[in-house]
Amino acid sequence: MLTSAGILLHRDRAGIVEVLLGHMGGPFWSRKDAAAWSIPKGELDAGEEPAAAARREFAEELGFPPPAGELHELGSVVQSGRRKTVLGFALAGDVPDVEVAAVAERPDDGTWIEIEWPRNTGRRLRFPEIDRAAWFDLATARVKLVKGQLPFLDRLEALLATA
């Protein structure tokens, strides 16, 4: 089973908690919105600590580093038909809206993925893993986030309630 790690960045805007999510790239997701967003995440390199992988993947997928701050473990979820374990970390912080909007304009910097599309055609195309990013309040994030990652929102709410 593959293991990935990611960061659920959150901020407080006038008493409303917002989280930063990335819309998954590629043709399968291009016309989907509900349940088509993810926390920025990716696979751990051999011997890599999950927190370090989460920070690295955040920067690779969005094009800017996560804000400085303490990562809080959100535990793990299993997704993609039980083929992947995702370790989640909460991080309080903010990223300027202009940087978030720029995710959609990123050129292929070597971090894009290559897939066969359409399937079984032999034709290979490159796509960004995340083709755009946005801030969402928690209620909206529950609609946008892929179902396998929804427990991270519950765990974030519980974490914030005890803070």
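Guide: This is a predicted model. The chain carries 20 positive and 25 negative side chains. The centres of these two sets are 8 Å apart.

Next, the overall fold. Four helices and nine strands make up the secondary structure of the chain. Their order along the sequence reads β-β-β-β-α-β-β-α-β-β-β-α-α. The C-alpha atoms occupy a box of roughly 50 × 35 × 25 Å along the principal axes. The radius of gyration is 15 Å, which agrees with the value near 15 Å for a compact globule of 163 residues.

Now packing and surface. Buried residues make up 40% of the 163 in the chain. Among contacts with a separation of 6 or more, 66% link residues 24 or more positions apart. The accessible surface is about 8,500 Å², and carbon and sulfur atoms contribute 54% of that area.

With that in place, here is the part to zoom in on: Ser 38. Ser 38 sits in strand 3, which covers residues 37–38. Is Ser 38 buried or exposed? Its relative accessible area is 4%, so Ser 38 counts as buried, the cut-off being under 20%.

What surrounds Ser 38? Setting aside neighbours within four places in sequence, Ser 38 is in contact with Leu 21, Gly 22, Met 24, Leu 145 and Gln 149. Gln 149 also takes part in a polar contact: its side chain and that of Ser 38 are joined at 3.0 Å.

Definitions and conventions
Residues numbered from 1 in each chain as written. Predicted model: local features only at pLDDT ≥ 70, side-chain atom pairs only at ≥ 80, totals over all residues. Heavy atoms only, no water. Helix = DSSP H or I, 4+ residues; strand = E, 2+ residues; numbered from the N terminus. Rg over C-alpha atoms; globule rule 2.2 N^0.38 Å. Buried < 20%, exposed > 50% of the residue type's maximum accessible area, 1.4 Å probe, protein only. Contact = heavy atoms within 4.5 Å. Areas by Shrake-Rupley, 256 points an atom, 1.4 Å probe, with all protein chains shown as cover. Lys, Arg positive; Asp, Glu negative; His and termini not counted. Charge placed at Lys NZ, Arg CZ, Asp CG, Glu CD. Polar contact = N/O pair within 3.5 Å; in protein donor to acceptor, adjacent residues only side chain to side chain.
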